[in-house]
Amino acid sequence: MKTGDELVAGTSIKLDSPIMYLKGVGPKRAELLGKLGIFTVQDLLFHFPVRYEDRTRVMTISEVEVDNVAVVRARVKSTSVAPRGRGRRRVFEVAFADKTGVLRASWFNFSEKALKSRFSIGSEWIVSGKVTINRYRGSKIIVHPDTEKVEKVEDGESLSLGCVAPVYPLTDGLSQKAVRKIVRTALDLAESIEDFVPRYLNEKYNLPPLNESVRRVHWPDSSSDLSRLGRFQAPEQKKLIFNEFFLVQSGLALKRNIARKEQKGSALKAGPELMGKIKSIFPFRLTDAQERVLMEIAGDVGKDRPMNRLLQGDVGSGKTAVALGAALIAVWNRKQAAIMAPTEILATQHYRNITQLLRKTKVEVVLLTSGSAGRKEAYANIADGTTHIAIGTHALIQSDVKFHDLGLVVVDEQHRFGVMQRAELMKKGIRPHTLIMTATPIPRTLAMTLYGDLDVSVIDQQPPGRAPITTTIIGPAQRSAAISIIQDQVAMGRQAYIVYPLVEESEKLELKAATTMFERFSTGDFAGLRVGLSHGRMKSSEKEEVMERFSKGEVDILVSTTVIEVGVDQPNATVMMVEHADRFGLSQLHQLRGRVGRSHHRSYCLLMADTYPGSPAWERLRVMEKTMDGFTIAEADLDQRGAGDFFGSRQSGLPEFRIGDILRDYKILAEARKAAFKLVDNDPHLGKPEHSILRRALKERWKHKFELGDIG
Ligand code: ADP
Ligand code: MG
C-alpha cells in the first residue's frame, strides 16, 4: 500500500492521519471539521458535495431567470440596509452589476460591519444561488447567495471559475472555498484508498474504480455529466453509494449469521387480563387501530422469537400510547423496557406523560438524556432492576448503561436513528423484542431491504374528537393577517408555534433568525403576550424549562427552530406558523402541522412563503392545503425532491450514510444487499483472500458497533 505524498515537510501524511496535519488545516480548522464528523484525511475524502454549481457557464445578469440557479460574475455597485418596518426584517442588500444589468442579493441576520467591508464597492465576485422575486420591489434577487471573490489566481488555477464547483455541507466558520481547497489537497491521497468491494463484484455491477470515483465526485471535469451528478446518478456516485451500502449490508449479513446461532428471545405473556389492565391506564379509549396494533404486538412477544416490528402511524395517531402498552407488557412480565426518542425534548415529554399515566402504579420510570442530572443513580437503578422503564435519547445506548434484564425496546421516530444505533441498543439485552415507530411512511419493500425481517403495523386512524386544521399558504403581503390569527387565538386562550427552518447549510443562521425574531415579536406584534424561545444551541435544561412552561400554558407563543418538529404534544396549541415554508420539505411541514389539531378546537397551519402564487415554490406547497394524509404528502414529497433528504437525516445530526440515500438510491441498496448477503453466505468468515480488505474494513469500522466475533 502506498503511504501517500509528502504534504508537510518532514511529515508523511496518510489516510488515517489526523486532519490537523493536512496542509491548510491546523488546529482551529481541525476543530471545525470535527463538527462535521471529519477527523482524518480519509473522513475528509468521504465528505461529499451535496450539489454542484456549473460555473463553466457563467451567465450575464440579463440572462438570469427567476426560480433558476444563477451564476454571474459582477462587481459591487452599492450596498444598503433596508429599513426596519412592522413585521419586516432588516435586510442587507448588495447591488451587483455587470455590463448587462444589476442583480440584487440580500442577507438577513447579518453583521453590517462585516458585510460592508466584505463587499467593498467595485470588488468583483462570483455570485450564485437561486433567483427569486423581491417582494417589495418586484425585482430579481438572490437571498443568501454563495459568493466568492474573484482574486488574483493563486495556485495557477481558480477553484471557482470555469469549473463545476462542488458545494459541501458546512459549519460556521468554514467557507466553501476553504473546504474546496483542503479537499483538493487531500485528493492527492485518493490513490491510496483501498476498495473493500472485491473486483469480481465491481465488474459484475459495472462500477468504476473507487479512487477515481472519489476524485471525480469532488472534482468533476469536462467529461463529467453535470445533470447526472446533480441527480446523484453519475457512475462515480453510484460506486461510492454502492460501497457505503455494501459495507453496512455485509455487516448486517454477518450479524444475521451470528443471530441465528444465538439463544431464543424470551416469550412474554399478554393475556386478556393483562391487556385489560394496560388499557385501563389511559384516560381515553384506545382507537380500534391502536388496539389492533397492541394485539399484534402481544401476539409477537408471546413467541420465543424476538419481535421485530415497525409501527407506522401518521402524526397524532397516538403511537405513544401503543409504545407504553408494549413497555407495560414487558414490565408486567418482570422485564425492563427502554423507550428511545430522537431529541431530549421528546424524551422529556414521553417521560412526563408516562409518569403521569403510571402515577397510580408501582412502575418505576427514569429519564436518561445527556443533559439529565443524577445520571449515576439512574445507571445504578437501571443496572439493578429498580427501574422498570428507561426513557431517553441516544444516551441510553452509551456503554456505561447496563440493563438488569431488558425485555423490550421501543425506538420512536426511527428514521432519526441509524441502523448502528438501533443495533447498539439491542445488544444490551438478550435479544429484546423491538418496536420501531415512525410517522414517515416507509415503503414496505424498502423497510425489508433495510432492516431485514420487519413486520409492519399501521395505525390508520386518528383519535376521535379532533377539529380540522385549516392550512393556508401566505405571501409576504398578507403577513399581518397571519399575525392577527395568532393574536386572536391567544386572546381565546390558545397557544401558537412559530418555526424557523434550517437556512442554507448553516445552523447559525437558523438560530439567529429565531433569536432575532423572538426579540422582535416580544416587543412588537406580540408585546404583552408571553413569548418563549427554544433552539438547538440552548442548554437542555433551558429548553426543557421553556417546553415545560409551554405545556403548562405559561407561554402563549413558542418561537423555535425545528427542534419541535417531531412528536411534541400540546393539545391546547392551535396555530402553527412556519416561516419560510417554501424551504421545507412537504413531509417535514406535515410533521410540523401535526403539532396542532390535537383537540376539539379549530386549528390553523400558516405556511409563510417568500414567493408569489403561481411560482413553482408556491404551487409545490398547495398539496398541504389540499390534503391531511401523510402518505399522499410523502408521495408528493418523494416526487418533488427525488427523495433527496426525505428522511431529513441531515438535520437530525445523526447522519446514517454520507452519500447514499436509502430512498433515492433504493435500487443500488437492493443490489448491494444482494451482493453482500451472497458473499457472506459463500464465505461466512470472510477467509478468502479476495475478501481480506472487506474483513479488515468491517473490523475497523464496526468493531465497536457489532460483535463480529465470527470473523475474529
Ligand atoms: P403520535 O402518533 O404523533 O406520536 P401521540 O402519541 O403524541 O401521537 O398522540 C397525540 C395525542 O393524542 C396525545 O395528546 C394523546 O394523548 C392523544 N391520544 C392518543 N390516543 C388517543 C385516543 N385513543 N383517544 C384520544 N386521544 C388520544
Ligand atoms: Mg410521537
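Predicted model: local features only at pLDDT ≥ 70, side-chain atom pairs only at ≥ 80, totals over all residues.
**Ligand 1**

Residues are numbered from 1 along each chain as its sequence is written, chains are lettered from A and ligands numbered from 1 in the order in which they are written, and side-chain values use heavy atoms, without hydrogens and water.

I then turned to the side chains. An N or O atom in the side chain of Thr320 is 2.6 Å from an oxygen atom of ligand 1. For the side chain of Arg466, I found an N or O atom 2.7 Å from an oxygen atom of the ligand. I listed 16 residues around ligand 1, of which Arg285, Gly316, Thr320, Arg466 and Asp569 come nearest; a residue is listed if one of its heavy atoms lies within 4 Å.

I took helices as DSSP runs of H or I with at least four residues, and strands as runs of E with at least two, numbered from the N terminus. Axes are lines fitted to C-alpha atoms, for helices over the stretch in contact, and angles run from 0 to 180 degrees between N-to-C directions.

I paired helix α10 (residues 288–301) with α11 and found an angle of about 30 degrees, with the axes 10 Å apart. The pair is therefore roughly parallel, a class for angles under 35 degrees; over 145 is roughly antiparallel, 65 to 115 roughly perpendicular, and the rest oblique. The crossing of α10 and α11 is right-handed, meaning that the near helix is turned clockwise from the far one by less than a right angle. I recorded the contact (heavy atoms within 4.5 Å) as Gln290, Val293, Leu294, Ile297, Ala298 and Val301 of α10 with Ala321, Val322, Gly325, Ala326 and Ile329 of α11. These residues divide into nine nonpolar, two polar and no charged.

I next examined helix α9 (residues 272–279) against α11 (residues 319–331): their axes come within 10 Å and cross at roughly 130 degrees. That angle makes α9 oblique to α11. Their crossing is right-handed. Leu274, Met275 and Ile278 in α9 meet Gly325, Leu328 and Ile329 in α11.

**Helices α19 and α20**

I found helix α19 (residues 586–593) and helix α20 (residues 616–626) packed at about 40 degrees, with axes 11 Å apart. α19 is therefore oblique to α20. I recorded Leu586, Leu589, His590 and Arg593 of α19 in contact with Arg620, Leu621, Val623 and Met624 of α20.

**Backbone phi**

Most residues other than glycine have a negative phi. I noted a positive value near 75 degrees for Asp67, in the loop between β3 (51–54) and β4 (69–82). Arg334 also has a positive phi, near 65 degrees. I placed Arg334 in the loop between α11 and β12 (336–340).

Note on methods
Polar contact = N/O pair within 3.5 Å; in protein donor to acceptor, adjacent residues only side chain to side chain. Nonpolar A, V, L, I, M, F, W, Y, C, P; charged D, E, K, R; others polar.
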